[in-house]
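The following note goes through a model point by point. Please keep the sequence and the structure in view while reading.

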Amino acid sequence: MSIGLAIVGAGKIGRHRARLARQHAGVSFLAIADINEDAARALAEEVNADMWTTDVASIVGSTDVDAVVISTQEMAHTEPLLLTLPFGKPTLVEKPLTLDLAEADRVIEVAKEHGVDLRVGYSMRYAQRYAVAKEQLEQKQIGQLIGGLARTYDTLAVAEAILRRSPTATPVMDILTYLVDVIGWYHPNARPIEVSARSNGSILRSRGHDVDDLTFAVVTYDDGAIFDFATSYSLPAGYPSNGMSTRFELLGTNGVLFISEDHGDQVLYSDAGFENAYVDQTLNFAYLGSRTSGEWAGGTMFGRVADETRAWLDHLAVGGPCHLTTAAEARTTLAVTLAIDEAAASGRIITLQEGT
Ligand SMILES: NC(=O)c1ccc[n+]([C@@H]2O[C@H](COP(=O)([O-])OP(=O)(O)OC[C@H]3O[C@@H](n4cnc5c(N)ncnc54)[C@H](O)[C@@H]3O)[C@@H](O)[C@H]2O)c1
């Protein structure tokens, strides 16, 4: 099948998706939509799109369009989703699904009503090391998962870029959410039932953002497994990573699996300076390949957003495999991250009821 694709949101990630779609053999029509006319026009010109518009509903409703990508900011997913899902077209929305459980429920209900296969871009699932680990877990190489640890750090430079874009998306909702999604994927038959957490911070507050720098949480699942989730967004702005620095430690009944993604295996020092494109920052010392979404080189994109976008387009075009997060999985992850923030703010233990 040849695909007509509409990309809604012509920002940083929408630009990656649009460039990747333009290179995909299965995409025969590409439209760019953004409420910002300049952004829509500029990206459409760059990727030689078939059309651009500020009228999202008109293009998604067009018979030229078979599938939709929603690449708007975190707090701006619900509105375009509720506008476009009634057209009944397969949709990929960036993470997190929404920032609010009632909105997530409404989105899931509308997707169901109109038969939409709605997927959420938790692209960590498409980084090679995490997919290979999933395969080993499926083969029961470490037996039954009993728990483990998942932590991720990011720099103040990235934190401030995200908080400027989405002031209501906390580090837990925006970054730790990837790790909660991966643990949910690795441990699919267990349900998170209880959350405790502590947080602390003054660095981001001193810079005008009302969020903590550091959050540690313990999440218990209904099979007894316990996972420790930790994040900090407050590594010094000039720290050489351009994105998330992550570690997983998975403990099983007859094995362990450790994943280290702290980068540092490809180091650049340059007097001329390295451009950290995500935050408009120049670094002398940089960990190459550490940008979370992936990197372009010689006109090809490498990394998780590239592999995720291609896998989804292959799935639509020729029915290839697709392990992109479902809307129901994303809803569970949202409930856990909201509970982590609530537990940290209140000091209470939060119980997650089924369906809450
Ligand atoms: N998977 C990854 O590696 C990864 C990395 C970074 C960000 N993200 C996610 O991607 C999403 C977008 O982030 P970004 O950095 O590209 O944001 P951005 O601010 O660069 O771009 C968002 C664009 O959406 C447009 N927009 C907002 N509301 C709209 C609406 N209702 N209709 C049409 N257009 C609208 C804005 O005008 C803007 O051009 C976020 O959800 C973020 O969490 C994913």
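1. Helix α10 is followed by G319, whose phi is positive, near 75°. The model is a predicted one, in which local features need pLDDT of at least 70, side-chain atom pairs count only at pLDDT 80 or more, and totals for chains, interfaces and linings use all residues. Residues are numbered from 1 along each chain as its sequence is written, and side-chain values use heavy atoms, with hydrogens and water left out.

2. The loop between α10 and β17 (325-326) also holds G320. Helices (H or I, at least four residues) and strands (E, at least two) are DSSP runs, numbered from the N terminus. Is G320 buried or exposed? G320 counts as buried, because its relative accessibility is 16%; buried means under 20% relative accessible area, exposed over 50%, and partly exposed in between (1.4 Å probe, protein chains only). Leaving aside neighbours within four places in sequence, G320 is in contact with D314 and H315, where contact means heavy atoms within 4.5 Å. The C-alpha atoms of G320 and R310 are separated by 9.9 Å, and these residues are 10 apart along the chain.

3. Helix α10 itself covers residues 304-318. Its 15 residues, at 1.5 Å a residue, should span 21 Å, and the end C-alpha atoms are 20 Å apart, which agrees. The expected span is 1.5 Å times one less than the number of residues. Which residues of α10 are buried? They are R304, V305, A306, E308, T309, A311, W312, L313, L316 and A317. As background, an α-helix has 3.6 residues a turn, so residues three or four places apart point the same way.

4. Helix α1 (residues 12-23) packs against α10 at an angle of about 50°, and the axes are 10 Å apart. Axes are lines fitted to C-alpha atoms, for helices over the stretch in contact, and angles run from 0 to 180 degrees between N-to-C directions. The two helices α1 and α10 are therefore oblique to each other; angles under 35 degrees count as roughly parallel, over 145 as roughly antiparallel, 65 to 115 as roughly perpendicular and the rest as oblique. The crossing of α1 and α10 is right-handed. A crossing is left-handed if the near helix is turned anticlockwise from the far one by less than a right angle, and right-handed if clockwise. On the α1 side, H16, R17, L20 and A21 meet V305, A306, E308, T309, R310 and L313 of α10. By class, this contact has five nonpolar, two polar and three charged residues. Here Ala, Val, Leu, Ile, Met, Phe, Trp, Tyr, Cys and Pro count as nonpolar, Asp, Glu, Lys and Arg as charged, and the others, Gly among them, as polar.

5. At 8% relative accessibility, S293 counts as buried. Not counting residues up to four places away in sequence, S293 touches I13, H16, M301, G303, R304, V305 and A306.

6. V172, M173, L176, T177, V180 and D181 of α8 meet T333, L334, V336, T337, L338, I340 and D341 of α11. This contact has eight nonpolar, three polar and two charged residues.

7. What does L99 touch? Not counting residues up to four places away in sequence, its contacts are E74, M75, T168, A169, M173, L334 and L338. L99 is found in the loop between β5 (91-94) and α5 (101-113) and is buried, with a relative accessible area of 17%. L99 and L334 are 235 residues apart along the chain, yet their C-alpha atoms are separated by 7.3 Å.

8. Some backbone angles deserve a check. Most residues other than glycine have a negative phi, and most peptide bonds are trans. A cis peptide bond joins K95 and P96, with omega about -20°. K140, which is not a glycine, has a positive phi of about 60° and counts as exposed at 51% relative accessibility. D280 has a positive phi near 55° and is exposed at 74%.
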